[in-house]
Amino acid sequence: MNILEKYYLQGKGKIILGTFALIVLFIISTVMFTGCFSSNQKNDNENTVTVFNYGDYIDVNVLKTFEKETGIQVKYEEYVTPEDMYTKYKSGVINYDVICTSDYMVEKMMQEGEVQKIDTSSMEYYKNIDKKYLDFCKVFDPTNEYAVPYLWGTVGILYNTKVVKEKVDSWSILWNKKYDDQIIMQNSMRDAFMVPLKWKGLSLNTTNPKELVQAQSLLLKQKPIVEAYLVDEARDAMVSGDASMAVIYSGDATVAMEENEDLDYVVPKEGSNVWFDCFLIPKTAEHKEAAEKFIDYMSRQNIAQKNFDYIYYGTPNKAVYDALDDETKEDYTIFPEEATLNKCEVYKYLGEKTDQYYNRLWKELKSY
């Protein structure tokens, strides 16, 4: 028995009501269906790009000019560490179109099938990226198809020359009890473990459990004299004189040294990490064309120059580098010598098993 027959058996008066109800139901359903279709269509064609980047890692004015020039609205979010980014990305709450993250995290997401190929052939300014930096990036992106380098740099020691009178050329100084409660370590798992690993002549990409435990033991021994584990705040602490030494990224060191003439920076003789932060397009991106336009825009000379001036990390943009004055080109903090770079390593993704082991050791260190 269909619904009309049911209403008819209940009486002619009720069939009119029933028919009316059906008509209303049909109209509501049609409106809802049309509304959903229109909404989905609007989302598909929405002129926006959603970007996820490290905190304070772009000149916000370039976002405004991108919007003005292209008509594409930028939805912009920030994070602290690659691990924080990955957790939020995997939650699926937001479908990001562009993510800027570090080398080993790019590789991890590539291996998991979370990254789309970027059509660099359609980009006007990709040619500005120096080939030698693209070659560096082949460590984690062998075909240069999934990541476009944004900035690069090193990790080293920023120190106050008025307090630290001895020569600073080795990671070992970070274990000197003379500097009790004056040392800042990186609040980043890989960067923290890198320090004892390189100090002891080991690879920062080791997957050997014994070597990782050895590194953790040294960090545990060091922890009582560490003032804090920080990331961006380390720069401010050094500028204000709240700490005497900090493991820090080269760009932050450059800015700090401009604000406090007593500060100096060194990449220790044992070597360090040379890192690359890159733009990628995740597989969940809803606006790939807009994402590629955004990445290409970041490679335009005047835009890349603005970001370089704002952040002061090494630029892979040859057009920007060629236009710099000699003093900036010779700044060893931003552009270290080849001999220094030859002692440095690029982070690789070490696999899920080692990742889990690292996380356990890191949690033990932080909770100690």
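**Close-up views of charged pairs and a buried asparagine**

**View 1. Asp 169 and Lys 269 form a salt bridge, with their closest N and O atoms 4.0 Å apart.** Asp 169 sits in the loop between S5 and S6, while Lys 269 belongs to the loop between strand S9 (263–266) and strand S10 (274–282), so this pair ties together parts that are 100 residues apart in sequence. Asp 169 has a relative accessible area of 25% and is therefore partly exposed. The model shown here, as in every view that follows, is a predicted one.

**View 2. Glu 114 meets Lys 90 in one of the 21 salt bridges that the structure holds.** The closest N and O atoms of Glu 114 and Lys 90 are 2.9 Å apart, and the pair links distant parts of the chain, with Glu 114 in the loop between helix H5 (103–111) and S4 and Lys 90 in helix H4 (residues 82–91), 24 residues apart. Glu 114, with a relative accessible area of 6%, is buried, whereas Lys 90, at 42% relative accessibility, counts as partly exposed.

**View 3. Within helix H13 (residues 318–323), Lys 318 and Asp 322 are separated by about one helical turn, because they are four residues apart.** These two residues, Lys 318 and Asp 322, form a salt bridge in which the closest N and O atoms are 2.9 Å apart. Lys 318 is partly exposed, its relative accessible area being 40%, and Asp 322 is likewise partly exposed, with a value of 44%.

**View 4. Asn 128 is placed in the loop between strand S4 (115–116) and helix H6 (131–137).** Its relative accessibility is 13%, and Asn 128 counts as buried because buried means under 20% relative accessible area.

**View 5. A patch of negative charge on the surface gathers Asp 180, Asp 181, Glu 227 and Asp 242.** Asp 180, one of the residues in this patch, is placed in the loop between strand S5 (148–160) and strand S6 (183–186). With a relative accessible area of 42%, Asp 180 is partly exposed.

Conventions: Residues are numbered from 1 along each chain as its sequence is written. This is a predicted model: local features need pLDDT of at least 70, side-chain atom pairs count only at pLDDT 80 or more; totals for chains, interfaces and linings use all residues. Side-chain values use heavy atoms; hydrogens and water are left out. Helices (H or I, at least four residues) and strands (E, at least two) are DSSP runs, numbered from the N terminus. Buried means under 20% relative accessible area, exposed over 50%, partly exposed in between (1.4 Å probe, protein chains only). Patches are made of residues with over 30% relative accessible area and no salt bridge: like charges are joined within 9 Å, nonpolar side chains (Val, Leu, Ile, Met, Phe, Trp, Tyr) within 5 Å. Accessible areas come from the Shrake-Rupley method with a 1.4 Å probe; for residues, only the protein chains shown count as cover. A salt bridge is a side-chain nitrogen of Lys or Arg within 4 Å of a carboxyl oxygen of Asp or Glu. Lys and Arg count as positive and Asp and Glu as negative; His and the chain ends are not counted. The place of a charge is taken as NZ of Lys, CZ of Arg, CG of Asp or CD of Glu.
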